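Keep the sequence and the structure side by side as you read.

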Amino acid sequence: MLMHREKMIKYLNDAKNIKLSKLYFAHADAWPEARAHLHPNARIIQPLSDEKRIDFSGGRGVGLKPGEAIVCHPGTWVWEHWDVHHEMISVVFPYQYVRTIYIQADGTMESVNRSKVFFHTSEPLNRAGRSMIDAMLAIDRDTEAARLCYAALLETVLEALTNDDRHGGRQEAEWRSVVEAMQIYYLHDISIDDVAESVNMHPVTLSRLIRKVTGKNFRAWLNEMRMQYALEILRQPASTVGSTAAACGFNYANYFIRIFRQTYGVSPEVWKQRQNR
C-alpha cells in the first residue's frame, strides 16, 4: 500500500474524465449478509477499467462498468469481488478527513493489497462538498441532478487533494487507515492479523502503533469499540443479551457479559433494566 497524493490526483482525474452514465445507490436499511462489511461513512465507488462486481444493499451481482458508480449511504453494507481484473477508485467521507483509494485487481486479494494507493487529506471536506453529498443522498436515485452532484463532488475532492499541503505524514495516514478498518470490521470475528492484512501492515507493527496511540492492546481497543456499540443495541426494546452479544461480534454470550461487566460495572441485563425504569 502506497501513500501518494500525486498519483491519487491522477486517478481521480481519470475518474472525472469518464462520462457518467449510471448511478446506483446503496442503502443502510437492509440487514447485511454475514460476509459483508458495514461502512459507517458515506462512500463512492467507481471503476476505471473493465468490470467491477459488487453486492450491496439493494443490488446483487452488479457488474459496474466504467461510467457507472455506486453512492453509499452511511451504514451501508457492501461485498466487493476481486476475482476479475479491474481498476477502481473509492472515496470515503469521514467527518475528520477525506480518504481516497485506488486499486488495481488482477483476480487475487494479494494484488489488491499490493496495488493499493491511498491518500488522506489533513482537513475535512469543505461545506460545499458536504452539501453535494447530502444532495446526492437526498435525491437517492439516478437522475441528471444526482450525476451533476457526483461530478461536482469529484472536482471538490480533487481540489482538496491539490491544496492539501499540511498533511501529517505517513504514520498519521496509516493510523487513519487502521481506524477506518476497525470501524468496518469491529462487529465481525476478527483478529489483529485480519486488520493488519487489510491495511497492508505487519501485525507486530500494527500492535505497536495501536498501543502508542491508544495506550491499549488490540483486543482491549476492539472490546472498547464493541462495548460502545453494545449500549446502542441494548437501548432497543426488543434486544436481548444474546442478540446484543452476536451483533457486537462476540461468539459467546458469557464472554460478552464478562467484558461488559468489566467495562460498566454491571451486567448487560441489569444495565438494560435500569434504562427501562
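Asn-200 sits in the loop between α6 and α7 (203-214). The model is predicted. Most residues other than glycine have a negative phi. Asn-200 is not a glycine, yet its phi is positive, about 55 degrees. Its relative accessibility is 41%, so Asn-200 counts as partly exposed.

Now go to another loop, the one between α3 (127-139) and α4. Asp-140 lies there. Asp-140 has a positive phi too, near 60 degrees. With 28% relative accessibility, Asp-140 is partly exposed.

Next comes helix α4, residues 144-162. Its 19 residues should span 27 Å at 1.5 Å a residue. The end C-alpha atoms are 27 Å apart, which agrees. Several residues of α4 are buried, including Ala-146, Tyr-150, Leu-153, Val-157 and Leu-161. An α-helix has 3.6 residues a turn, so residues three or four places apart point the same way.

Helix α8 covers residues 218-234. From first C-alpha to last, α8 reaches 24 Å, close to the 24 Å expected. How many of the 17 residues of α8 are buried? The count is 12, so α8 is largely enclosed by the rest of the structure. Among them are Phe-218, Trp-221, Arg-226 and Tyr-229.

Glu-110, Asp-189, Asp-193, Asp-194 and Glu-197 form a negative patch. Helix α6 (residues 192-198) gives the largest share, three residues. Asp-189 comes from the loop between α5 (170-185) and α6. Is Asp-189 buried or exposed? Its relative accessible area is 58%, and over 50% counts as exposed, so Asp-189 is exposed.

Notes: Residues are numbered from 1 along each chain as its sequence is written. This is a predicted model: local features need pLDDT of at least 70, side-chain atom pairs count only at pLDDT 80 or more; totals for chains, interfaces and linings use all residues. Side-chain values use heavy atoms; hydrogens and water are left out. Helices (H or I, at least four residues) and strands (E, at least two) are DSSP runs, numbered from the N terminus. The expected span of a helix is 1.5 Å times one less than its number of residues. Buried means under 20% relative accessible area, exposed over 50%, partly exposed in between (1.4 Å probe, protein chains only). Patches are made of residues with over 30% relative accessible area and no salt bridge: like charges are joined within 9 Å, nonpolar side chains (Val, Leu, Ile, Met, Phe, Trp, Tyr) within 5 Å. Accessible areas come from the Shrake-Rupley method with a 1.4 Å probe; for residues, only the protein chains shown count as cover. A salt bridge is a side-chain nitrogen of Lys or Arg within 4 Å of a carboxyl oxygen of Asp or Glu. Lys and Arg count as positive and Asp and Glu as negative; His and the chain ends are not counted. The place of a charge is taken as NZ of Lys, CZ of Arg, CG of Asp or CD of Glu.
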